Amino acid sequence: MAAMEFDEVYEEIRGVLNPGRLKLTSNSIVFKNLRTGKVETITKDEIDAIKWMKRSRGYGLKFITKNDTSLRYDGFKDTDIERLKEFITGNFGKNIETQKMAVNGWNWGKVSFGTGNLAFEVDHKQAFEVPLKNVSNSNKGKNEITLQFHQPEDAKVSLMEIRFYVPPSDVDGDAVEDFHQNVMKGAAVLTAKAGDAICSLSDINCLVPRGRHELRFYPGFFDLHGKSYDYKIPYNQITRGFLLPHKDNRQMYFVLSLDPPVKHGQTRYQYIIFGFKKEEETKVEISLTPEAIQEKYGNNLQKEMKGPYHDIVSRLFRAITEQRITVPGSFTSKSGAKCVSCAYKASAGLLYPLERGFIYITKPPIYIHHDDVASCGFNRSNTATGRTFDFEIQLKSGGSQVFSNIEKEEAKPMSDFLSSKDLRIHAASNWDKKVNYSVDKDRDIYLEHVQNEGQEREDDDDESDDEEEDEDFQGGEEDDDALEYDSNASINSTEDEDEDGNKSPSSPKKRKKIASSSSTSKKEKSDESSKKKSKPKPKESPKKKAPKSKEEVEDDSD
């Protein structure tokens with residue numbers, strides 16, 4: 001047999017199965033990628049070993065070369081093994097080894113490195129294999145190590161990372177460090193020398209992740225170097241950039257949105273936030289020649305750049321990454337700022353209503369695009385003062401984000417902004433139910449809230465005034481007090497007031513009745529005061545009763 005061809009064969013490259021056509025000739029193996037048109041050729045002299053194994057798409061064939069690389073092709077049928085054995089033995093002089101796979105699902109085993117791969121074995125059977133060229137970074141901890149992988153653009157689902165626990169070894173040496181070094185030998189990790197940097201900025205204040213870092217720009221990535229961690233982030237991992245002024249107008253925030261996020265220990269950071277003082281300036285020099293700068297970046301960069309720190313950093317990212325930098329738009333708060341102070345859960349921060357979304361900083365940073373917003377609402381705050389409100393954003397995907405403790409004066413500007421962006425305002429459950437929320441966007445909802453709350457406060461004031469008058473004013477008591485303490489009491493007056501407040505002539509009988517009632521009240525008060533004075537103390541022991549007199553005994557007998 002001169003050649004063998006297989007049409008439905010797949011090659012795995014960084015987690016993506018690329019369909020192609022595999023052809024075996026007497027001297028070589030040729031695979032043509034149907035997606036990219038790329039052709040790969042391996043001569044029979046380069047082949048060191050050939051293995052046959054069970055794969056997700058039927059069976060697979062792995063060719064191990066003499067320079068410690070391997071190529072895997074999936075999509076074979078179980079009936080193809082006999083034909084392949086006969087052809088490869090006759091033309092290549094090699095035997096096909098059948099590799100057993102561990103299918104019991106255990107996650108405790110041994111790791112071996114070889115042929116550019118990391119193999120995890122359970123009971124001397126291979127559970128899985130990781131090509132080290134797919135590894136983008138390796139982070140080591142106390143007893144664990146984490147491998148991060150390159151993310152292909154055409155893969156809907158891809159492996160982000162895998163973590164290994166490395167138990168302490170009895171032999172001399174650091175087992176975690178040895179594991180890390182073996183990975184780094186074959187990993188395609190972003191590396192560059194300091195002299196290859198386009199430019200560098202030192203002692204930058206980074207709020208997320210917190211610390212002082214050195215920022216270096218390289219042709220394909222930027223390096224964020226800190227005391228404990230070193231982040232190498234490719235430019236294609238940056239999805240958005242924001243330049244935001246602080247509410248005090250003395251600070252500036254520069255925010256980078258990353259996908260996938262960077263990892264610091266067990267924490268993932270989807271956003272990197274730099275903090276700058278507005279008056280702080282710096283100077284940077286580009287290491288490229290003026291001709292190269294003009295050719296690559298045009299007029300966006302110069303050989304020497306000087307100005308505010310936040311402006312220099314934003315211009316560098318804008319020119320090198322070719323990503324747009326978003327700044328605040330038409331929204332202006334009551335105090336004239338481009339944001340409002342608020343709180344998300346237990347953390348205080350700033351909410352920026354932008355032209356195409358909302359962004360909250362600092363902990364945790366949250367970005368919500370207008371296309372993801374189902375509706376917005378203003379909710380009454382649970383605080384006792386009632387001077388703040390909660391701003392709720394309901395998402396189309398389900399769930400909501402609530403930003404609390406916003407000053408009530410900011411509701412009017414925010415309501416106008418939502419109306420200008422055609423964002424739906426929903427009825428909040430804990431606002432006054434008398435307000436009709438099924439309104440058009442031209443209606444001033446906040447004004448109605450304020451008017452209703454003002455009416456409620458007036459009603460409450462009237463009710464409280466009435467209650468105070470009822471408690472303080474009691475006709476009998478005031479008459480008694482007047483008769484007792486006032487020399488010009490109503491008993492000496494010639495006119496009395498009826499229940500409606502109209503004065504009517506007094507009669508002698510009425511005066512006698514009032515006088516008798518006043519004397520009675522005086523007597524009752526004097527009796528009460530005498531009882532209070534004669535009341536025994538609770539701690540004193542009761543006195544013994546005096547013996548009854550002769551007259552009292554006779555009264556008892558009667």
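Predicted model: local features only at pLDDT ≥ 70, side-chain atom pairs only at ≥ 80, totals over all residues.
Strand 29 spans residues 373-380. The strand is mostly covered, with six of its eight residues buried. Its partner is strand 30, residues 388-395. The two strands run in the antiparallel sense and share seven bridges.

Cysteines were examined next. A disulfide is a covalent bond between the sulfur atoms of two cysteines. Cys342 is accordingly in no disulfide. The nearest cysteine sulfur belongs to Cys339 and lies 8.8 Å away. The cut-off for a disulfide is 2.5 Å between sulfur atoms. Cys342 counts as buried, because its relative accessibility is 5% and the limit for burial is under 20%. Cys376 has a relative accessible area of 0%, so this residue is buried as well.

The largest pocket holds about 830 Å³ of space. Its lining comprises 31 residues. Nearest the pocket centre lie Ser136, Gln148, Lys232, Pro234 and Gln237. Four strands each supply at least two lining residues: strand 12 (135-140), strand 13 (144-149), strand 18 (230-234) and strand 20 (251-264). Twelve of its residues are nonpolar, ten are polar and nine are charged.

Most peptide bonds are trans, and most residues other than glycine have a negative phi. The peptide bond from Val208 to Pro209 is cis, with omega near -10°. Pro209 sits in the loop between strand 15 (199-208) and strand 16 (211-217). A cis bond also links Ile361 to Thr362, with omega near 25°. Thr362 falls in the loop between strand 27 (357-361) and strand 28 (366-369).

Positive phi values occur at Asp123 and Asn249. For Asp123, phi is near 55°. Asp123 is placed in the loop between strand 10 (117-122) and strand 11 (125-131). For Asn249, phi is about 60°. The loop that holds Asn249 lies between strand 19 (238-245) and strand 20. Asn249 is classed as partly exposed because its relative accessible area is 47%, which falls between the 20% and 50% limits.

How values were computed
Residues numbered from 1 in each chain as written. Heavy atoms only, no water. Buried < 20%, exposed > 50% of the residue type's maximum accessible area, 1.4 Å probe, protein only. Pairing = 2+ DSSP bridges. 1 Å grid on protein atoms, 1.4 Å probe; cavity = no way out; pocket = protein on both sides within 12 Å on 5 of 7 lines; lining within 4 Å. Points joined across faces, edges and corners; volume = space filled by probe spheres on them. Nonpolar A, V, L, I, M, F, W, Y, C, P; charged D, E, K, R; others polar.
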